[in-house]
Amino acid sequence: FGYVSMGSVHAGGVDYEAVRKAIADTLEDESYDDGSLGPVLVRLAWHASGTYSKKDGTGGSNGAKMRFFPEAFHGANNGLSVARNHLARIKKQFPEISNADLWTLAACVAIEEMGGPEIAWRPGRTDDNDGKLCTPDDRLPDAAQGADHVRAVFGRMGFSDREMVALIGAHCLGRCHENRSGYKGPWTRAPTTFSNMYFTELVGNRWTRKNWDGPLQYEDPTGELMMLPADMALLHDPAFAVVVKEYAADEELFFRDFAAAFAKLLELGCDFDGPSTTTKAVTAAGVV
Ligand code: HEM
């Protein structure tokens, strides 16, 4: 492991292999949603990180700011207490790891355990002690909007068109919950498997407006699968659509691009001293 930043691996004496295993061993929960906490853990890391603004360097996963008022109560974060509470139990077993490291590591482990690519991850985030650095409630994307909004929000984080499409491919996982976002249903029929099925469903179906009392969303001909207006924007915007079709045709390419973009997302606004490494390489270093 000569290339691993042993400095940061050693820092704090955290047994990352044990943390990793504790996360992996507790993902399955038959009583919850589709049987796995994986999707909601991925959403927690994304919402913790996606507040970043390259304009002033505010936001991002460092600090684990969503533990505090007002960020915990931002509408976009509805339901994420499930993920925060789950990881708080793991944190009790491993008090040395920061919440900010634990939240981001948990998403990487979840993606890998659900069949996705290995994600480069490194420790070194610290926790804030109060909500003073919480960002305003306007940083995360609005599902009711289209391509211009998606570009504005992800552009503020510093992502390219291609990275935006790759990241939103995480909607292969999980589902919408009426009591959290107002929207309802999963994007794929295998919502606990990381795959390129979000893209194959997006290009492979005729999507129509769902006829219901809820907010505008789209459904496939069976009525079982859904797309948000912001998802449909990836199909209707010509530049996004080129990438959507590439990922629908080539899962390996999607995995590669997603892994790179997700690693970048988790590090926005974080100031590390060592080089990045993979979760497995860090955790393989074991007790340090
Ligand atoms: C779920 C919107 C991008 C990962 C959701 C939900 C909405 C949403 C409305 C449903 C929440 C609920 O009711 O529980 C959006 C919009 C995006 C976006 C508008 C960008 C335009 C992303 C990105 C990721 C992501 C970049 C990760 C890289 C997830 C996951 C779920 C989810 C895993 C499922 C959560 C669960 O099953 O509990 N998203 N999202 N999303 N989102 Fe996104």
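Reader: In which loop is the place of Pro70?

Author: This is a predicted model, in which local features need pLDDT of at least 70, side-chain atom pairs count only at pLDDT 80 or more, and totals for chains, interfaces and linings use all residues. Residues are numbered from 1 along each chain as its sequence is written, and side-chain values use heavy atoms, with hydrogens and water left out. Helices (H or I, at least four residues) and strands (E, at least two) are DSSP runs, numbered from the N terminus. On that numbering, Pro70 is placed in the loop between H3 and helix H4 (81-93).

Reader: What kind of peptide bond joins Phe69 and Pro70?

Author: Most peptide bonds are trans. Between Phe69 and Pro70, omega is about 5°. The bond that joins Phe69 and Pro70 is cis.

Reader: How far apart in space are Thr135 and Pro70, C-alpha to C-alpha?

Author: Thr135 is in the loop between helix H5 (99-113) and H6. Thr135 is buried (under 20% relative accessible area, where exposed is over 50% and partly exposed is in between, with a 1.4 Å probe and protein chains only), as its relative accessible area is 5%. Thr135 and Pro70 are 65 residues apart in sequence, and their C-alpha atoms are separated in space by 8.8 Å.

Reader: Is Ala64 buried or exposed?

Author: Ala64 lies in the loop between H3 and H4. Its phi is near 50°, a positive value in a residue other than glycine. With a relative accessibility of 0%, Ala64 counts as buried.

Reader: What is the relative accessible area of Asp33?

Author: Asp33 is placed in the loop between helix H2 (16-25) and H3. Phi of Asp33 is near 45°, which is positive in a residue other than glycine. Asp33 is partly exposed, because its relative accessible area is 37%.

Reader: What volume does the largest pocket have?

Author: Rolling a probe the size of a water molecule over the atoms shows where empty space is left. On a 1 Å grid over the protein atoms alone, a cavity is a set of points where a 1.4 Å probe fits but cannot get out, while a pocket is an open set with protein on both sides within 12 Å along at least five of seven lines; lining residues have an atom within 4 Å of a point. Grid points are joined across faces, edges and corners, and a volume is the space filled by probe spheres set on the points. For the largest pocket this is about 870 Å³.

Reader: Which residues are the closest to the centre of the largest pocket, and which element gives the most to its lining?

Author: The lining has 43 residues, and the closest to the centre are Arg43, Trp46, His47, His171 and Trp187. Elements that give two or more residues include helix H6 (147-157), helix H9 (229-236) and helix H11 (251-267). The most comes from H3, with six residues.

Reader: How many disulfides does the rule count?

Author: A disulfide is a pair of cysteine sulfur atoms within 2.5 Å. The count comes to zero disulfides. For Cys172, the nearest cysteine sulfur, that of Cys176, is 13 Å away. For Cys270 the nearest is that of Cys108, 12 Å away, and Cys270 too is in no disulfide, in keeping with the count of zero.
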